[in-house]
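Hi,

Here is the structure I promised to pass on. Have a look first, and my notes follow below.

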There are 2 protein chains.
Amino acid sequence: MAGKSSPLSGFPELLPAQRFVETEIVETLSRTFELHGFANIETRAVEPLDQLLTKGETSKEVYVLRRLQEDEAGKDSGLGLHFDLTVPFARYVLENAGKLSFPFRRYQIQKVWRGERPQQGRYREFTQADIDVVGQGDLPFHHDIEVARVMAEALAALPIPRATLQINNRKILEGFYRGLGIADPEAVMRVVDKLDKVPAEKLATLLVSDGGATAAQAESVLALAAIRTEDSSFVSQVRDLGVSHDLLTEGLDELAQVIDGCQGIDGVDVVADLRIARGLDYYTGTVFETRLAGYEQLGSICSGGRYDRLASDGRTTYPGVGISLGLSRVVVSLVGDGLTSDRSVPSVVLVAVSDEDSRAASDALATQLRANGVPCEVAAAADKFGKQIRYAERRGIPYVLFSTETGPQIKDIRSGDQVDVDPATWTPPPADVRPRVIQSNEKKEQQ
Amino acid sequence: MAGKSSPLSGFPELLPAQRFVETEIVETLSRTFELHGFANIETRAVEPLDQLLTKGETSKEVYVLRRLQEDEAGKDSGLGLHFDLTVPFARYVLENAGKLSFPFRRYQIQKVWRGERPQQGRYREFTQADIDVVGQGDLPFHHDIEVARVMAEALAALPIPRATLQINNRKILEGFYRGLGIADPEAVMRVVDKLDKVPAEKLATLLVSDGGATAAQAESVLALAAIRTEDSSFVSQVRDLGVSHDLLTEGLDELAQVIDGCQGIDGVDVVADLRIARGLDYYTGTVFETRLAGYEQLGSICSGGRYDRLASDGRTTYPGVGISLGLSRVVVSLVGDGLTSDRSVPSVVLVAVSDEDSRAASDALATQLRANGVPCEVAAAADKFGKQIRYAERRGIPYVLFSTETGPQIKDIRSGDQVDVDPATWTPPPADVRPRVIQSNEKKEQQ
């Protein structure tokens with residue numbers, strides 16, 4: 001049917017063993033989110049262009065759809081592919097508000113598309129995993145703590161390098177800047193948001209030139225941004241800077257509650273990091289970013305925050321708090337560095353075939369294994385047993401089931417052990433049930 | 001963020017309780033496919049237009065992508081959204097042939113798009129679930145039996161009305177027609193493929209006018225098409241028609257093997273149905289269609305067959321056999337008739353909150369439940385208990401956990417039973433672990 005192959009830059013695809021890493025991550029995320037009562041939804045891939053274009057900056061990268069057989073040549077459908085999951089979720093909430101129960105917790109794991117220029121090495125199709133809690137009219141602050149904790153637990157459970165969830169609160173920044181007497185806190189926040197890309201001394205200059213701060217104010221702004229603690233001791237460090245403002249006090253109290261609420265989760269670092277600003281205007285309180293150890297060049301892999309106005313229909317406002325994990329960004333990077341799985345198939349057992357006449361008998365053995373929940377496949381050809389074992393090895397299948405004159409036997413092809421077996425009751429050791437995520441020594445090819 | 005809602009015809013979306021029906025089906029399919037050793041892959045959503053347009057008819061319905069910020073106004077990207085999963089799979093096989101192990105079994109559950117005209121009530125975005133086995137150079141016939149059996153087991157396991165898998169073999173049709181002396185068997189097959197839409201007497205006329213058959217040949221063609229058996233007794237019925245041809249004999253033998261191989265699966269009907277032709281030229285042997293009891297107006301919900309040439313790079317040919325289930329078509333229809341689930345959230349337990357000061361204690365109880373694998377949520381507000389119970393009821397959450405002076409108690413809000421509980425060890429009865437798919441009496445709204 002197809003006559004040639006065409007890899008496309010920006011549209012990553014995975015081999016079966018690599019894809020297992022991704023499904024393992026998706027399943028771990030889903031399980032964690034559901035343990036916390038988050039319901040899964042999917043939204044359509046397209047939104048009307050006018051909806052997609054209300055958000056400013058990223059709207060530049062939308063893919064617009066045209067029906068090939070549209071009567072008027074070149075006429076667009078008025079639809080574009082969504083570039084994130086927040087715009088469609090906000091629309092879904094408004095559209096179904098009468099049928100949803102609030103506060104509404106949802107998770108959504110779907111592909112998004114950005115019409116980036118080719119040749120930039122940027123993804124044009126990638127999967128995001130979002131959790132949000134949205135309220136009708138109001139949304140208590142404790143949901144900020146909840147969302148932070150859920151994502152911290154999820155990050156801790158994933159087969160990825162250690163993640164650091166960095167949390168701040170824009171009330172701290174705005175209150176501190178106002179307490180300093182800065183006239184335009186938003187302008188200062190936009191400068192501080194560049195801290196990762198711009199050296200501190202350059203930033204001090206920018207704070208004066210672009211942020212409208214005095215040199216002394218700029219120094220205080222940078223002192224605040226330097227604070228980073230694993231517990232709520234940041235509060236006293238901020239107070240030591242001698243700035244006071246009601247909004248600052250409120251922000252410090254909120255951030256301390258979030259950090260305290262994330263204590264005791266093994267496998268992830270959760271820090272109060274006062275340099276986190278998030279450039280986007282719609283965040284109004286808690287803000288999140290996340291770095292992955294050894295993959296700092298990826299920037300933040302998991303970001304979000306509180307918005308007091310996720311959606312509004314004019315009469316009712318829907319505040320929300322959420323985080324979005326850039327799943328493909330992480331998976332494609334790790335897979336590129338050799339993260340894969342030890343099987344290219346889900347099969348735990350290869351059922352050998354002695355000769356084609358006895359294929360039905362091998363099928364019957366496989367049926368017994370499956371009735372017991374054991375994934376297996378029957379050898380494609382009645383080759384010599386050595387060849388059938390190599391067939392299993394090449395796919396990473398750990399066991400081969402043979403029919404012998406004395407009855408069925410199972411061989412662990414890693415150890416060579418071969419024992420009598422009752423296929424109706426045999427189950428593999430728990431570690432062999434599913435393919436395992438492993439680090440291969442070679443960097444694997446992927447697009 | 002969003003300011004208005006816009007339902008779009010042809011892009012169905014589900015409410016959370018309805019979405020659970022869909023995820024339940026996806027999980028059941030995945031589990032069945034993996035038990036048979038099929039590996040999951042995903043392909044990118046887009047293909048180069050020239051790839052999409054090689055397949056003829058459906059190419060008319062492609063959505064073409066254009067980058068909104070493309071320098072030349074109206075210039076397309078040369079990319080279109082895939083309209084099925086076969087074209088991308090064939091391309092994936094060619095692109096990765098050196099890294100895959102053949103025979104390669106894969107399943108793929110993804111959205112596809114068709115640029116249908118609006119207002120036709122047709123889906124423009126929908127999910128398909130495909131299984132295929134593909135070989136390099138050759139592919140033994142027993143994989144036809146395998147694919148039929150795997151999909152039959154999957155259909156039997158789904159929470160849907162009873163399905164009938166109708167199987168035929170194009171060698172039977174072509175051999176029979178050739179044995180009758182018909183010059184253009186393809187033309188006759190295309191007419192027979194209309195049997196569902198056109199009355200038999202009209203079809204006899206069409207067989208003569210469009211199929212080039214004599215009246216006597218047309219009668220035999222219709223007699224063959226009328227044969228339908230649940231076992232391999234169709235073989236003698238065909239022989240009784242007195243036509244012989246080597247290809248017919250081969251086809252009868254193959255179909256009998258497939259039908260025999262699908263015996264003994266409860267919950268699904270598998271029939272040899274000799275009217276099934278599949279209009280598409282690329283099928284070369286076994287062909288599948290599937291009807292759903294009570295939903296015959298949907299046509300075939302699950303179709304496929306054997307193609308001797310799934311893909312070719314000029315040197316090597318890749319034959320395949322596969323079936324594609326129209327997941328959205330089934331789910332959206334059933335949900336429209338009231339199929340839903342008994343919860344809108346995954347939570348089994350609502351942990352009540354006595355007052356905001358004790359929220360941390362309620363959180364701690366929830367953490368104990370989750371450590372035990374029990375999905376739960378903590379009440380959003382410290383309302384009166386009656387209100388918290390109604391909160392649970394509205395979401396279908398079956399249990400509420402209270403702190404009392406003598407310790408935690410759990411209430412089954414369906415029965416009203418309330419007992420002491422140790423949240424560190426409590427688990428719900430198996431039937432309550434996950435939401436249940438149920439038939440609601442009212443037809444639910446959906447787009």
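In this predicted model, 73 residues of chain A are in contact with 73 residues of chain B, where contact means C-beta atoms, placed from the backbone, within 7 Å. Helix α3 (residues 86-96) of chain A gives the largest share of the side that touches chain B, eight residues; helices here are DSSP runs of H or I, at least four residues, and strands runs of E, at least two, numbered from the N terminus. The copies meet through the same surface, because 100% of the interface residues of chain A are also interface residues in chain B.

Strand β3 (residues 63-67) of chain A pairs with β3 (residues 63-67) of chain B in the antiparallel sense over five bridges (DSSP must find at least two bridges for a pair). Within this pairing, A:V64 stands opposite B:R66.

As for symmetry, chain A superposes on chain B by a rotation of 180° with 0.0 Å of shift along the axis (RMSD 0.0 Å), fitted by least squares on C-alpha atoms of residues with pLDDT of at least 70 in both. The two copies are thus related as by a two-fold rotation axis. Of the residues of chain A, A:L65 comes closest to that axis, at 2.5 Å (C-alpha).

On conventions, residues are numbered from 1 along each chain as its sequence is written, and chains are lettered from A and ligands numbered from 1 in the order written. Local features need pLDDT of at least 70 and side-chain atom pairs 80 or more, while totals for chains, interfaces and linings use all residues.

Best wishes

Definitions and conventions
Two residues are in contact if their C-beta atoms, placed from the backbone, lie within 7 Å.
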